[in-house]
Amino acid sequence: MKIGNLGDRLVIVMAAGAVDVERASGDRFASDPQAVYEHWTAFREWAHGADLAAAEPLDPARLRPPVARPPQIFAIGLNYRQHAAESGLDLPSDPLVFTKFASCLTGAYSNIPVPTDGTADWEIELAVAIGVGARNVSADRAWEHVAGVAVAQDISGRAIQLRGPAPQFSLGRSLPGYGPIGPWLVTPDELPDPDDLQMTCTLNREEVQKTSTDDMIFSMPQLISQLSALLPLLPGDPLFTGTPAGISSAMNPPRFLEPRQTLISRIDGVGELRNRIVAADP
């Protein structure tokens with residue numbers, strides 16, 4: 001099943017288009033895309049037996065983040081072996097965790113504003129959204145708590161991130177538009193192997209990142225297990241699971257995002273983001 005946020009209304013995405021959940025469920029489930037995570041188990045049970053024939057045409061440009069107002073956002077740094085190698089860093093012994101702020105989230109076809117200083121970097125990532133709250137969850141039960149997966153970009157303002165005596169990861173990665181996610185959420189049962197997904201990022205049709213999620217240092221189940229041992233993961237929380245090799249700042253010389261470029265981020269079986277780079281307002 002694919003669920004989406006179409007113009008701030010919860011929809012189920014079908015081959016024929018989008019089914020409005022509030023209308024199809026006779027108001028049992030609200031139109032608010034974020035509200036569904038509080039009732040995820042009941043929603044899934046209803047959707048599997050529901051009449052979803054009333055699909056309407058889907059305009060991708062109207063897709064907004066499938067997690068619209070999450071209570072928490074977690075992100076992981078340095079979580080791919082090849083990315084650690086290109087950065088000249090040892091593999092971490094524990095996940096490197098930081099947060100992003102909800103105001104950075106944006107849709108699959110939205111513009112990404114970047115500053116004129118030329119230090120905004122791309123980072124394709126697999127994102128997962130929590131459907132059933134998780135606390136002290138074992139890795140072998142972690143997928144049971146996941147509502148679905150999405151494609152994401154953890155756009156990184158390196159000038160802000162590396163400013164001052166200590167890194168500012170959360171600020172540098174949370175400017176407006178720095179969290180594209182979507183195009184929708186795909187439930188794990190739709191994926192042949194959710195722990196081995198091929199991802200590709202292209203900039204103006206040039207491939208800059210390509211790998212599989214099986215290159216992760218800490219798999220998604222391990223991340224959920226280790227995070228939930230420390231604090232509760234809440235329904236609707238997204239988790240950005242890290243980026244593979246191929247980021248701009250690891251290039252020689254670095255080549256950052258510039259206005260009028262197009263950034264396409266794809267994960268096989270999930271979907272793609274198609275974001276236009278624009279100049280940030282002065």
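Helix 6 has M220, P221, L223, I224, S225, L227 and S228 as its buried residues, where buried means under 20% relative accessible area, exposed over 50% and partly exposed in between, computed with a 1.4 Å probe on protein chains only. The model is predicted, so local features need pLDDT of at least 70 and side-chain atom pairs count only at pLDDT 80 or more, whereas totals for chains, interfaces and linings use all residues. Residues are numbered from 1 along each chain as its sequence is written, and side-chain values use heavy atoms, with hydrogens and water left out. Helices (H or I, at least four residues) and strands (E, at least two) are DSSP runs, numbered from the N terminus.

Because seven of the nine residues of helix 6 are buried, this helix is largely enclosed by the rest of the structure. The cover over its buried residues includes strand 5, strand 6, strand 10 (124-130), strand 11 (146-153) and strand 16 (238-240). Within the helix, which spans residues 220-228, S225 counts as buried because its relative accessibility is 18%. Leaving aside residues up to four places away in sequence, S225 touches V137, S138 and A139, a contact being heavy atoms within 4.5 Å. A polar atom of the S225 side chain lies 2.9 Å from the backbone oxygen of V137.

Strand 11, one of the elements covering helix 6, is itself mostly covered, with eight of its eight residues buried. Strand 11 pairs with strand 10 in the antiparallel sense over seven bridges, and two strands are said to pair if DSSP finds at least two bridges between them.

Strand 13 contains P183, and the peptide bond joining G182 and P183 is cis, with omega about -5°. Both I181 and G182 are touched by P66, whose other contacts beyond four places in sequence are I3, N5, P33, Y37, W184 and L185. P66 is found in the loop between strand 4 (63-64) and strand 5 (74-77), and it counts as buried because its relative accessibility is 3%.

Most residues other than glycine have a negative phi, and most peptide bonds are trans. Phi is positive, near 75°, in D27, a residue of the loop between helix 1 (21-24) and helix 2 (40-49); D27 is exposed, with a relative accessible area of 60%. N204 also has a positive phi, of about 50°, and lies in the loop between strand 14 (198-203) and strand 15 (206-212), where its 44% relative accessibility makes it partly exposed.

Another pairing involves strand 8 (residues 111-114), which has a covered face, I112 and V114, and an uncovered one, N111 and P113. In a regular strand the side chains alternate between the two faces of the sheet. Strand 8 pairs with strand 18 (residues 271-279) in the parallel sense over four bridges, and I112 stands opposite I277 of strand 18.

Conventions: Polar contact = N/O pair within 3.5 Å; in protein donor to acceptor, adjacent residues only side chain to side chain.
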